[in-house]
Amino acid sequence: MPRTSTSPPGHRDTVRAPRREEGGQCAPGAPGFTWTGHPGHGPGAELLGGPRTALELGCAGGDRAAYLARAGVEVTALDSCADRIARARRRWGGTPGVLFVRAEARDHLTRAVTTYDAVYSALGAVRRTDPEELVPLAARRLTPGGTLALSRPEPADGHRPGAYGPGRWADLLGRGGFIDIDARVLPSPVPGGAGTLLVHARLPGHRTPPAGG
C-alpha cells in the first residue's frame, strides 16, 4: 500500500490542543476533530502538521474548523449548503479565528488568491469533486511546504469515475508535485462497517507554481 514518511526534517509542530479556560479545563462544548466520523477512531488534527492558516472544504456543522480555531489556527471553512453554513455559524460563529463561507469547493479554489498552510476535507467535498481537478486546484492554494489532507468513505467500486483507491491517489499526488504521501484505508471500528479512505501529503518547501497557476 503506498505510504511514505510523514515526519520530514523541519516539519512544523503538530496542532496544539484547544485553548483551556481558567482552571485548566477545555472550554464548554469544545469540538473534536476526526477524519472518520467515529469519535476517537484514527488520527486527528496532527495530520495537518501545525498550520497557521487552513482552508476546509465541506465543513458541515463546523466542528473541525472550530477545533482548529480554538487551537490558534486561522480557518476559512466552506460549504455549498446554505443550511449547513447557517448551522455552523449558529454553533461556532462567535469563535475567534474562524470564517464560515457558503461556496462550492471547486469555485473557491479556482477564484481565490489567498494561500493556506493546510487545505483539508473530512468526509466532505472530496466525494463530489473529481480528484484530477481537486488536487491541482488545492496545490495552487497551498503555501510552500503546505499540507493537503482528505478523507471519504471507502469507495465501494474503485473503478467508478472519481472513486479513487489509495494507489490512484498516491499516483495523482505524486504527479501533482506532492511528497511524503500517505494514502490508505482505515478499517471501520464497527464490525462489517465501511472503512475510511485517508490521504495526506505535503508540497516541498520551495516549488515552481504548477502550469496555469
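How many disulfides does the structure hold? The structure holds 0 disulfides. The model is a predicted one. The protein has 5 helices and 7 strands, and 48% of its 213 residues are buried.

**Overall layout**

- Read from the N terminus, the elements of the protein follow the order β-α-β-α-β-α-β-α-β-α-β-β.
- Among contacts in the protein with a separation of 6 or more, 69% come from residues 24 or more positions apart.

**Cysteines**

- A disulfide is a covalent bond between the sulfur atoms of two cysteines.
- For cysteine 59, the closest cysteine sulfur belongs to cysteine 81 and lies 9.7 Å away, which is too far for a bond.
- A disulfide would need the two sulfur atoms within 2.5 Å.
- Cysteine 81 likewise takes part in no disulfide, its nearest cysteine sulfur being that of cysteine 59 at 9.7 Å.
- Cysteine 59 is buried, at a relative accessible area of 3%, whereas cysteine 81 is partly exposed, at 22% relative accessibility.

**Helix 4 and helix 5**

- Helix 4 covers residues 131–140 and helix 5 covers residues 166–175; their axes come within 10 Å and cross at roughly 40°.
- Because of that angle, helix 4 counts as oblique to helix 5.
- The crossing of the two helices is right-handed.
- On the helix 4 side, the contact is made by Pro131, Glu132 and Val135.
- On the helix 5 side, Trp169, Leu172, Leu173 and Arg175 make the contact.
- The residues of this contact comprise 5 nonpolar, no polar and 2 charged.

**Glutamate 132, in helix 4**

- Glutamate 132 is a residue of helix 4 and is partly exposed, with a relative accessible area of 33%.
- Leaving out residues up to four places away in sequence, glutamate 132 touches Tyr164, Leu172 and Arg175.
- Tryptophan 169 is 37 residues from glutamate 132 along the chain, and their C-alpha atoms are separated by 9.5 Å.

**The loop between strand 1 and helix 1**

- Alanine 60 sits in the loop that runs between strand 1 (53–57) and helix 1 (63–70).
- The phi of alanine 60 is positive, about 50°, although the residue is not a glycine.
- Alanine 60 is partly exposed, with a relative accessible area of 29%.
- Glycine 62 is also placed in the loop between strand 1 and helix 1.
- Glycine 62 is buried, with a relative accessible area of 0%.
- Not counting residues up to four places away in sequence, glycine 62 touches Ala88, Trp92 and Phe100.

**Arginine 90, in helix 2**

- Arginine 90 belongs to helix 2 (residues 82–92).
- Arginine 90 is exposed, with a relative accessible area of 64%.
- From C-alpha to C-alpha, arginine 90 and glycine 61 are 9.3 Å apart in space, and they are 29 residues apart in sequence.

- Leucine 123 is located in the loop between strand 4 (116–122) and helix 4.
- Its phi has a positive value near 60°, and the residue is other than glycine.
- Leucine 123 is partly exposed, with a relative accessible area of 21%.

**Leucine 198, in strand 7**

- Leucine 198 is part of strand 7 (residues 196–202).
- Leucine 198 is buried, with a relative accessible area of 0%.
- Residues up to four places away in sequence aside, leucine 198 touches Trp35, Pro43, Leu47, Leu150, Ser151, Asp182, Ala183, Arg184 and Leu186.
- Alanine 149 is 49 residues from leucine 198 in sequence, and the two are 7.6 Å apart in space, C-alpha to C-alpha.

How values were computed
Residues are numbered from 1 along each chain as its sequence is written. This is a predicted model: local features need pLDDT of at least 70, side-chain atom pairs count only at pLDDT 80 or more; totals for chains, interfaces and linings use all residues. Side-chain values use heavy atoms; hydrogens and water are left out. Axes are lines fitted to C-alpha atoms, for helices over the stretch in contact, and angles run from 0 to 180 degrees between N-to-C directions. Helices (H or I, at least four residues) and strands (E, at least two) are DSSP runs, numbered from the N terminus. Angles under 35 degrees count as roughly parallel, over 145 as roughly antiparallel, 65 to 115 as roughly perpendicular and the rest as oblique. A crossing is left-handed if the near helix is turned anticlockwise from the far one by less than a right angle, and right-handed if clockwise. Contact means heavy atoms within 4.5 Å. Ala, Val, Leu, Ile, Met, Phe, Trp, Tyr, Cys and Pro count as nonpolar, Asp, Glu, Lys and Arg as charged, and the others, Gly among them, as polar. Buried means under 20% relative accessible area, exposed over 50%, partly exposed in between (1.4 Å probe, protein chains only).
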